[in-house]
Amino acid sequence: MSLKYAVLAALLEGEASGYELSKVFDVSLANFWAATPQQLYRELERLARDGLIEARVVRQERRPDKRMFTLTEAGREDLRAFAVTPPRRPTAIRDELLIKIQATDGVDPEATRALVEEREAWSRGKLARYERVRERLLAGRGEEEYLREADRIGPYLTLMRGIAYEEENLRWCARVLTILKQRAPLDRAD
């Protein structure tokens, strides 16, 4: 999949500037699709050139002018067609930490422990950020009420996946740290 469809999906929320979209990517889409601001701006230019989004310039007095982007009907149709097409293949995990864990035997166990603790801290931070987004989306409503009444549920459904992913990362980290602690006497005996 290309960045194209992530941008089109983000624009379902309504008109947004490139800066606003980069914040959406940073908070809402980061749990499943990452993009740098440079990649995002290049993609916006491509989508505008292809007629899938429109851009308008908003003049600002004390700041540089900004471009605001919206979906065109062609963009909505392209996104609809994409959304009903089965994914090409399941997601494959590509995680450098897992390669390091695979090679952990014979490595200083403290170094491995530090790597896992770093991942654990990262996951806690992301989970906290996702929980803040969740609270903002719910706006005082219960989850069932929100899912019944909200205009759009896609962002919430993907957020649920991001939360579950980080919760699983935390469970895995805790288990690995327990195993490393249990093995500590064995590692010192070598």
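Trainee: In which element should I look for tryptophan 172?

Mentor: Tryptophan 172 sits in helix H8, which covers residues 154–189; helices (DSSP runs of H or I, at least four residues) and strands (runs of E, at least two) are numbered from the N terminus. Please keep in mind that this is a predicted model, in which local features need pLDDT of at least 70 and side-chain atom pairs count only at pLDDT 80 or more, while totals for chains, interfaces and linings use all residues. Residues are numbered from 1 along each chain as its sequence is written, and side-chain values use heavy atoms, with hydrogens and water left out.

Trainee: Is tryptophan 172 buried, exposed or partly exposed?

Mentor: We call a residue buried under 20% relative accessible area, exposed over 50% and partly exposed in between, using a 1.4 Å probe and the protein chains only. Tryptophan 172 has a relative accessible area of 26%, so it counts as partly exposed.

Trainee: Which residues does tryptophan 172 touch, not counting those up to four places away in sequence?

Mentor: A contact means heavy atoms within 4.5 Å, and with those sequence neighbours set aside, tryptophan 172 touches Leu97, Leu98 and Ile101. As for glutamate 120, which is 52 residues away along the chain, its C-alpha atom and that of tryptophan 172 are separated by 8.9 Å.

Trainee: How many helices and strands does the protein have?

Mentor: There are 8 helices and 3 strands, and their order from the N terminus is α-β-α-α-β-β-α-α-α-α-α. The radius of gyration (taken over C-alpha atoms) can be set against the globule rule, which is 2.2 Å times the number of residues to the power 0.38. Here the radius of gyration is 21 Å, well over the 16 Å that the rule gives for 190 residues, so the protein is more spread out than a compact globule. Along the principal axes, the C-alpha atoms fill a box of roughly 70 × 45 × 40 Å, and 29% of the 190 residues count as buried.

Trainee: Which members of the largest nonpolar core touch the most other members?

Mentor: A nonpolar core is a set of buried Ala, Val, Leu, Ile, Met, Phe, Trp, Tyr and Cys residues joined through side-chain atoms within 4.5 Å. The largest one here has 19 residues, and those that touch the most other members are Val7, Leu8, Leu11, Leu21, Phe25, Leu44 and Ile53. At least two residues of this core come from each of helix H1 (3–10), helix H2 (18–29), helix H3 (37–49) and strand E3 (66–71), and H1 gives the largest share, 6 residues. Another core, of 7 residues, lies apart from it and includes Ile101, Val176, Leu177 and Leu180.

Trainee: Is H1 mostly covered or uncovered?

Mentor: H1 is mostly covered, with 6 of its 8 residues buried, namely Leu3, Tyr5, Ala6, Val7, Leu8 and Ala10. If we leave aside neighbours within four places in sequence, leucine 8 is in contact with Leu47, Leu52, Ile53, Leu71, Gly75 and Leu79.

Trainee: Which residues does alanine 16 touch, not counting those up to four places away in sequence?

Mentor: Alanine 16, whose place is in strand E1 (residues 16–17), touches Leu11, Leu21, Arg67, Met68 and Phe69 when such neighbours are not counted. The relative accessibility of alanine 16 is 9%, and therefore this residue counts as buried. Its C-alpha atom and that of glutamate 120, 104 residues apart along the chain, are separated by 33 Å.

Trainee: What is the phi of alanine 139?

Mentor: The general idea is that most residues other than glycine have a negative phi. In alanine 139, however, phi is near 50 degrees, a positive value in a residue other than glycine. Alanine 139 is placed in the loop between helix H6 (109–138) and helix H7 (143–149), and with a relative accessible area of 56% it is exposed.

Trainee: Where is arginine 46 found?

Mentor: Arginine 46 is found in helix H3 and is partly exposed, its relative accessible area being 35%. Lysine 4 is 42 residues from arginine 46 along the chain, and the C-alpha atoms of the two are separated by 8.7 Å.

Trainee: In which helix is the place of glutamate 77?

Mentor: Glutamate 77 belongs to helix H4 (residues 73–83), where it is partly exposed at a relative accessible area of 43%. Between its C-alpha atom and that of glutamate 167, 90 residues apart along the chain, the separation is 35 Å.
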